[in-house]
Structure formats: structure tokens, C-alpha cells
Amino acid sequence: MSVARRTLVIVGLVAAGLLLLGACAAGLNPEVSPRGYGFWWGLWQGIILPITFLVSLFTDTVNIYEVDNNGNWYDFGFVLGLAFFSAPVIALRGRRS
């Protein structure tokens with residue numbers, strides 16, 4: 001593979017990765033849900049927490065936790081989603097030693 005082609009592939013992969021990360025970021029809450037956000041929203045927002053946290057450092061319009069939730073089920077989903085993200089990271093870290 002030529003150097004120009006390899007550079008083009010790397011630039012394309014970086015651009016696709018940035019688009020993927022941008023699509024995961026949580027947004028504004030223009031409408032309040034009458035029932036609150038439940039387990040599935042908590043799970044999703046727990047999974048995207050690392051990306052959302054980075055975005056929240058640079059803007060005041062993104063929160064890492066949905067305040068309009070329905071309580072314990074949202075919290076359970078949020079922690080479970082965070083565990084889905086962090087468990088492979090912890091497992092790989094222990095494997096390198």
C-alpha cells in the first residue's frame with residue numbers, strides 16, 4: 001500500500017471515529033418526560049458516560065446524568081451501562097501485567 005493511500009485511510013478512520021464519538025454525546029432536554037427516563041435511558045447514558053463527560057468539560061449544555069429520571073430503575077441502568085464500558089477496560093488492564 002502506498003504512503004498516500006495509507007494516509008488517506010488513516011484520515012478516513014480518524015474522521016469516522018470522531019463522527020461516531022460525536023453521535024454518542026448526550027444533548028439538551030427540550031422536553032420533559034412525564035414519566036421520567038427509565039432503565040433503558042439510564043443504560044444508554046451509562047454506556048456513553050466517558051464521551052459525555054469529556055464533552056461536559058467544555059460546555060454547560062451537556063450533563064452526564066439525566067435529572068428527569070424515574071428513580072431507582074434509571075440509576076440501576078446507569079450503573080450497569082457504566083459497568084459495560086469499564087469492565088473490558090479493567091480486564092484488559094489486568095491482562096497486560
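This briefing walks through a predicted model of a single chain, from its overall fold down to a handful of residues. Residues are numbered from 1 along each chain as its sequence is written. Because the model is predicted, local features need pLDDT of at least 70 and side-chain atom pairs count only at pLDDT 80 or more, while totals for chains, interfaces and linings use all residues; side-chain values use heavy atoms, with hydrogens and water left out.

**Overall fold**

- The chain has 4 helices and 0 strands, where helices (H or I, at least four residues) and strands (E, at least two) are DSSP runs numbered from the N terminus.
- Going along the sequence, you get the pattern α-α-α-α.
- Of the chain's 97 residues, 20% count as buried; that term means under 20% relative accessible area, with exposed being over 50% and partly exposed in between (1.4 Å probe, protein chains only).
- If you take contacts (heavy atoms within 4.5 Å) between residues at least 6 apart in sequence, 75% of them join residues at least 24 apart.
- The accessible surface comes to about 7,500 Å², and 70% of that belongs to carbon and sulfur atoms. Areas like this come from the Shrake-Rupley method with a 1.4 Å probe; for residues, only the protein chains shown count as cover.

- The mean pLDDT of the chain is 79, and 81% of its residues reach 70 or more; pLDDT is the predictor's confidence in each residue, from 0 to 100.
- Confidence is highest in α2, at 88, and lowest in α4, at a mean of 79.
- Where pLDDT is low, the predicted coordinates should not be read in detail.

**What the UniProt record says**

- An unreviewed UniProt entry annotates residues 41-61 and 73-92 as "transmembrane region". UniProt positions are given in the numbering used here, feature names are shortened, and annotations may be inferred rather than shown by experiment.
- In the model, residues 41-61 are 71% helix and 0% strand, with the end C-alpha atoms 18 Å apart.
- Residues 73-92 are 100% helix and 0% strand, and their end C-alpha atoms lie 29 Å apart.

- F39 lies in helix α2. Leaving aside neighbours within four places in sequence, F39 is in contact with W73, Y74, F76, G77 and L80.
- F39 and N69 sit 30 residues apart in sequence, with 9.0 Å between their C-alpha atoms.
- Q45 is also placed in α2, which covers residues 39-47. Q45 counts as buried because its relative accessibility is 11%.
- Beyond neighbours within four places in sequence, Q45 touches E66, Y74 and F78.

**The loop between α3 and α4**

- I64 lies in this loop, with α3 at 49-56 and α4 at 72-96. At 34% relative accessibility, I64 counts as partly exposed.
- Apart from neighbours within four places in sequence, I64 is in contact with L49, T52, F53, S56 and F78.
- I64 and G46 are 18 residues apart along the chain, and their C-alpha atoms are separated by 8.5 Å.
- E66 is in the loop between α3 and α4 too, and its 4% relative accessibility is why E66 counts as buried.
- From E66 to W41 it's 25 residues in sequence and 8.7 Å in space, C-alpha to C-alpha.
- V67 has its place in the loop between α3 and α4 as well. With a relative accessible area of 68%, V67 is exposed.
- V67 and Y37 are 30 residues apart in sequence, and 8.7 Å apart C-alpha to C-alpha.

**A nonpolar surface patch**

- F53, L54, L57, F58, I64, Y65 and V67 form a nonpolar patch on the surface, with about 750 Å² of accessible area together.
- Patches are made of residues with over 30% relative accessible area and no salt bridge: like charges are joined within 9 Å, nonpolar side chains (Val, Leu, Ile, Met, Phe, Trp, Tyr) within 5 Å. A salt bridge is a side-chain nitrogen of Lys or Arg within 4 Å of a carboxyl oxygen of Asp or Glu.
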